[in-house]
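I set out to record the overall build of this structure and then the contact between its chains. The entries below keep to what I looked up.

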2 protein chains.
Amino acid sequence: MSDIPKSHPRYASLVTREQLVAAAHAGVVSYEGLTSHGRGEAFDYLLGEKTSPSALSAEKLAAAVLLAAKHPVLSINGNTAALAAAEIADLQKASGAEVEVNLFHRTEERVKLVESVLEKAGCRLNKGKTERCVPLPHDRGLCDPEGIGSADVVLVPLEDGDRCEALVSMGKIVITIDLNPIDRTSKTASLPIVDEVRRALPNIAAECRRLLAEQKPVLMPEIDSRAILKAAVSDMEAFLEHALD
Amino acid sequence: MSDIPKSHPRYASLVTREQLVAAAHAGVVSYEGLTSHGRGEAFDYLLGEKTSPSALSAEKLAAAVLLAAKHPVLSINGNTAALAAAEIADLQKASGAEVEVNLFHRTEERVKLVESVLEKAGCRLNKGKTERCVPLPHDRGLCDPEGIGSADVVLVPLEDGDRCEALVSMGKIVITIDLNPIDRTSKTASLPIVDEVRRALPNIAAECRRLLAEQKPVLMPEIDSRAILKAAVSDMEAFLEHALD
């Protein structure tokens, strides 16, 4: 860890960056994943770094979608594991969803490292065979045919637009968590959550527990993904409107 | 280089990220600098990834400021060197400004590496002694007392807000190039340029050449930094307004 002064006004954010850099050196996060984190930070500035009411609504919908699903899978990459392994383990407990590692910059070594981070945090993992079951060039098409390959609902935090689009084209309900409301990931998702992953996941888990405590069947909800994105974009415009006050 | 498919709609952007990752592995860019690049990318999305009319006006003002200065210095960090060493060398030729390396995550080894990248691109560098001449904790306070330390105008592309503020507090005219119009760097700068560094630098150099060709004295211009930032924020709001069309 370098010598960041605690007096720096962005100390917490700088420390998170250093943690991600350490995760990259350990092989858990790809180095390109550090730039993704930066993009997320920028959009989070425009949300005031907090969960908006519309994001919270989307998170509650996501809980219902996961519980109503026949075969829900949480598809986890290096950044999500490095930032939120404990939150993923807790959401798995709350929702009963499977957890499967899936990487944009895929190497078998990195898959094993990410799996290890998740298992240490308490996740039970799908680690079946991998086949090209998503229609994509590149290793991003690989997944477990009995996991993501046959899931009806997939939650993909911090996902690439290409892969999100491919999963949707396979007829799956795709829930994304991405701070950028105007990229293809969010625009393509069945249910886009525009929020920081460590804020979003506990909200989804809490709503799963609340719904289960009602002891009533959870029905697959109607989702207006466009309204969700419009609300997020409006929040950012409203923030910019007063950003120089 | 990894196996990014050319069919990926963001191929050029992915390749630039890979180049920065390579620069980080070579020691030129800090790994935290990769997250900074990501933040810049996000704000550049909101500018449509092009130079706005107000940014171009700010770049033309920057040229006048550099030419009117008694002792202008271009303060260069790892990201700027990795992205735009040739553009810095050309701006040095066009403006006559000194070039000095100054790093947020400073080690002597990395200073030498960044200097080497700049020299290979054709920069002539200030490499005097370094002293703590900027009022900051951390090694960021170090600079050449006969370079940045005694400059009247400093151009600091991709600078931290803390350091920008400290330079302004020393009475210097500080020109920044930063895609985020609402952070302290832009808000504190005497002349904030809200544009991508590889687009901004050639525009400044071209205006320096145009002004010099007039063979008239260049006077220090009036600068309305707030109007510049308001225009940038308005551009982003306008972009968001139609981002989901």
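The entries that follow go from the fold of one chain to its contact with the other.

**Entry 1: the model.** I note at the outset that this is a predicted model.

Entry 2: I looked up the secondary structure of chain A and found 9 helices and 7 strands. I then checked how compact the chain is. Its radius of gyration is 17 Å, close to the 18 Å given by the globule rule for 245 residues, so chain A is as compact as a globular protein of that length.

**Entry 3: extent.** Along the principal axes, I find that the C-alpha atoms of chain A fill a box of roughly 50 × 40 × 35 Å.

**Entry 4: interior and contacts.** I recorded that 59% of the 245 residues in chain A are buried. Of the contacts in chain A with a separation of 6 or more, I find that 64% are between residues 24 or more positions apart.

**Entry 5: surface and charge.** Chain A exposes about 9800 Å², and carbon and sulfur atoms supply 53% of that area. I counted 28 positive and 36 negative charges in chain A, and their mean positions lie 2 Å apart.

Entry 6: The area buried between chain A and chain B is about 3900 Å², with carbon and sulfur atoms giving 68% of it.

Conventions:
Residues are numbered from 1 along each chain as its sequence is written. Chains are lettered from A and ligands numbered from 1 in the order in which they are written. This is a predicted model: local features need pLDDT of at least 70, side-chain atom pairs count only at pLDDT 80 or more; totals for chains, interfaces and linings use all residues. Side-chain values use heavy atoms; hydrogens and water are left out. Helices (H or I, at least four residues) and strands (E, at least two) are DSSP runs, numbered from the N terminus. The radius of gyration is taken over C-alpha atoms; the globule rule is 2.2 Å times the number of residues to the power 0.38. Buried means under 20% relative accessible area, exposed over 50%, partly exposed in between (1.4 Å probe, protein chains only). Contact means heavy atoms within 4.5 Å. Accessible areas come from the Shrake-Rupley method with a 1.4 Å probe; for residues, only the protein chains shown count as cover. Lys and Arg count as positive and Asp and Glu as negative; His and the chain ends are not counted. The place of a charge is taken as NZ of Lys, CZ of Arg, CG of Asp or CD of Glu. Buried area is the accessible area (1.4 Å probe) that two parts lose on being put together, summed over both.
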